[in-house]
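Thanks for coming. I have one structure to go through, and I will keep it short.

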Amino acid sequence: MHIAITGNIGAGKTTLATKLANHYGWEVLYEAVDGNPYLPPFYEDMEKWAFHLQIYFLNSRFEQVLKIKQLTERKTIIQDRSIYEDAYIFARNLYETGKFNETDYQTYKSMFNTITQAISHPDLMIYLRADLTKLQRQINKRGRDFEKNIDPNYLLSLNKLYEDFVELYTHGKLLVIDVNDLDYAESEDDFRYITEIIDNNISMGTQLSIQNI
Ligand SMILES: Nc1ncnc2c1ncn2[C@@H]1O[C@H](COP(=O)(O)OP(=O)(O)OP(=O)(O)O)[C@@H](O)[C@H]1O
C-alpha cells in the first residue's frame, strides 16, 4: 500500500510520517531537502531558480514513485509529500505569481503530464491542514536557515492552492486532518487521535476503495 502525507511547508509531514512508520512498521520515503542544491538559492531569488528547482523535485519524486511501485509489492510505504503538490501547488503558485514564465511552465507541465501517465496514485492521501500561525510557528521551531525569511503571503498562497487541490482530488482516498490544535510530536493523546482516524479509514492488508470521504 502507498500512503502519502500532504501539506504546506511546516505542516508537520515529516514528523507524522516518521511516527506513523514506527507505529505501523511502514517504510518512510522523505523528500529531497538535505543536499538539494537549488533550495537555498531558490529562497533568495525564486524567479531565477524556479525551473531548476521544479525539475529537481519532479525527478526526485518520480524516482520515489518508481521505487514505491516496487516496494509496495512487499510492504506499506509512507511518502513525505506527493508528486501532485509539486505541480498543482508549488509550480502553479510560481506561475500565478509571475515567477515561472509561460514557456518554462508549459515545458514543466508537459513533463509532469508525461510522468503521471506512467505512475500509480497513492492508495491513501493524508492532508494536514494548518493555518498560517501554525505553519510559521513550526518553521521557526525547526530553524532552517534558508526558510527564515519566508514570506507569509507565500505560505498563504500555497494554503489556498492546497485547499483547491484537496477539494478536487479524485485519484484515491483522501483524509483531511486539521492539525492546528494538535501536537503529535509531544502528545501521545494527539498522536493516538490520528492513528484512530487512520485505523477507522483503512483496513490493513486490503485494497482501499477509491472514494473521497
Ligand atoms: N515543488 C516544490 N517547489 C518549491 N519548494 C518546494 C517544493 N517541494 C518542496 N519544497 C520546499 O522544500 C522544503 C522542504 O519542504 P517542507 O518543509 O514542506 O518539508 P518538510 O520538512 O517535510 O515539512 P513538514 O514541516 O511538513 O515536515 C520547503 O522549504 C518547501 O518549500
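Which elements do the buried residues of helix 3 pack against? They pack against strand 1 (2–6), strand 2 (27–29), helix 2 (39–44), strand 3 (77–80), helix 4 (83–96) and helix 5 (102–117). Bear in mind that this is a predicted model.

The buried residues in question are Ala50, Phe51, Leu53, Gln54, Phe57, Arg61, Gln64, Val65 and Ile68. On spacing, residues three or four places apart in an α-helix point the same way, because there are 3.6 residues a turn.

Now the length of helix 3. At 1.5 Å a residue, its 26 residues, 46–71, should span 38 Å, and the end C-alpha atoms are 35 Å apart, which agrees. Helix 3 also has a kink of about 30°, centred on His52.

Next, strand 3. Ile77 and Gln79 are buried on one side, and Ile78 and Asp80 are buried on the other, so both faces are covered. Strand 3 pairs with strand 1 in the parallel sense over 4 bridges, and runs parallel to strand 2, with 3 bridges joining the two. Gln79 is the bridge partner of Ala4, and Leu29 also stands opposite Gln79.

Last, the cores. The largest nonpolar core has 27 residues, of which Ile5, Ile126, Tyr127, Leu128 and Ile177 touch the most other members. Strand 1, helix 1 (13–24), helix 3, strand 3, strand 4 (124–129) and strand 5 (173–178) each give two or more residues to this core. Strand 4 gives the most, with 5. A second, separate core of 11 residues includes Ala50, Leu53, Tyr108 and Phe112. Of these, Ala50 and Leu53 are among the buried residues of helix 3.

Methods
Residues are numbered from 1 along each chain as its sequence is written. This is a predicted model: local features need pLDDT of at least 70, side-chain atom pairs count only at pLDDT 80 or more; totals for chains, interfaces and linings use all residues. The expected span of a helix is 1.5 Å times one less than its number of residues. The bend at a residue is the angle between axes fitted to the seven residues ending there and the seven starting there. A residue is buried if 20 or more other C-beta atoms lie within 10 Å of its own, exposed if 12 or fewer, and partly exposed in between; C-beta atoms are placed from the backbone. Two residues are in contact if their C-beta atoms, placed from the backbone, lie within 7 Å. Two strands pair if DSSP finds at least two bridges between them. A nonpolar core is a set of buried Ala, Val, Leu, Ile, Met, Phe, Trp, Tyr and Cys residues joined through C-beta atoms within 7 Å.
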